[in-house]
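Here is a walk through one protein chain, from its overall layout to a few single residues. Please keep the sequence and the model at hand while reading.

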Amino acid sequence: MNTYTNTMVKAAGLTHGKVSSYTSGCRCTECREALRRYTADLRARRRARRVIVKGRPFAAVDQNGNYLQHGTPSTYQNWGCRCFSCRVAKAADHAPLPERTLK
Ligand SMILES: [Zn+2]
Ligand SMILES: [Zn+2]
């Protein structure tokens, strides 16, 4: 446990195990678990919005009805879009590192 964040959370009157505590800066196990559950749930709900285009899941709009940007790893990751542009972006994002950066 990091004393600094713990003090901060107490000072802000936050409760551990909440996403709001995590976003306020706490990184304890409970708060990280809360964020993980929240993110998993959010992702599931986002993915449920996808439509099938040409046999692949396509994330057209966000929860506010705004068109999503394609060709970005985040649309692939967070919205589960599998259109050509997003798959290319995801592949590029995970390109192998140059050998000299490895041990
Ligand atoms: Zn916490
Ligand atoms: Zn896409």
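**Layout, core and selected residues**

Among contacts in the protein chain between residues at least 6 apart in sequence, 16% join residues at least 24 apart. The model is predicted, and the protein chain has an average pLDDT of 87, with 82% of the residues scoring at least 70. Where pLDDT is low, the predicted coordinates should not be read in detail.

The protein chain contains five helices and two strands. Their order along the sequence is α-α-α-β-β-α-α. Of the 103 residues in the protein chain, 14% are buried.

Which residues form the largest nonpolar core? That core has seven residues, namely A59, Y76, W79, C81, C83, C86 and A89. Helices α4 and α5 (84-93) each supply at least two residues of this core. Leaving aside residues up to four places away in sequence, W79 touches R46, A59 and L68.

C28 sits in the loop between α2 (19-23) and α3 (29-47). Is C28 buried, exposed or partly exposed? C28 has 17 other C-beta atoms within 10 Å, so C28 counts as partly exposed; a buried residue would need 20 or more. H16 lies 12 residues from C28 along the chain, and the C-alpha atoms of the two are separated by 7.8 Å.

R36 belongs to helix α3. With 12 other C-beta atoms within 10 Å, R36 is exposed, because the exposed class takes in counts of 12 or fewer. In space, R36 is 8.9 Å from V19, C-alpha to C-alpha, while the two are 17 residues apart in sequence.

Q63 is placed in the loop between β2 and α4 (73-79). Why is Q63 classed as exposed? Q63 has 9 other C-beta atoms within 10 Å and is therefore exposed, by the limit of 12 or fewer. Q63 and R45 are separated by 18 residues in sequence, and their C-alpha atoms are 9.5 Å apart.

Terms used:
Residues numbered from 1 in each chain as written. Chains lettered and ligands numbered in written order. Predicted model: local features only at pLDDT ≥ 70, side-chain atom pairs only at ≥ 80, totals over all residues. Helix = DSSP H or I, 4+ residues; strand = E, 2+ residues; numbered from the N terminus. Contact = placed C-beta atoms within 7 Å. pLDDT = per-residue confidence, 0-100. Core = buried A, V, L, I, M, F, W, Y, C linked by C-beta atoms within 7 Å.
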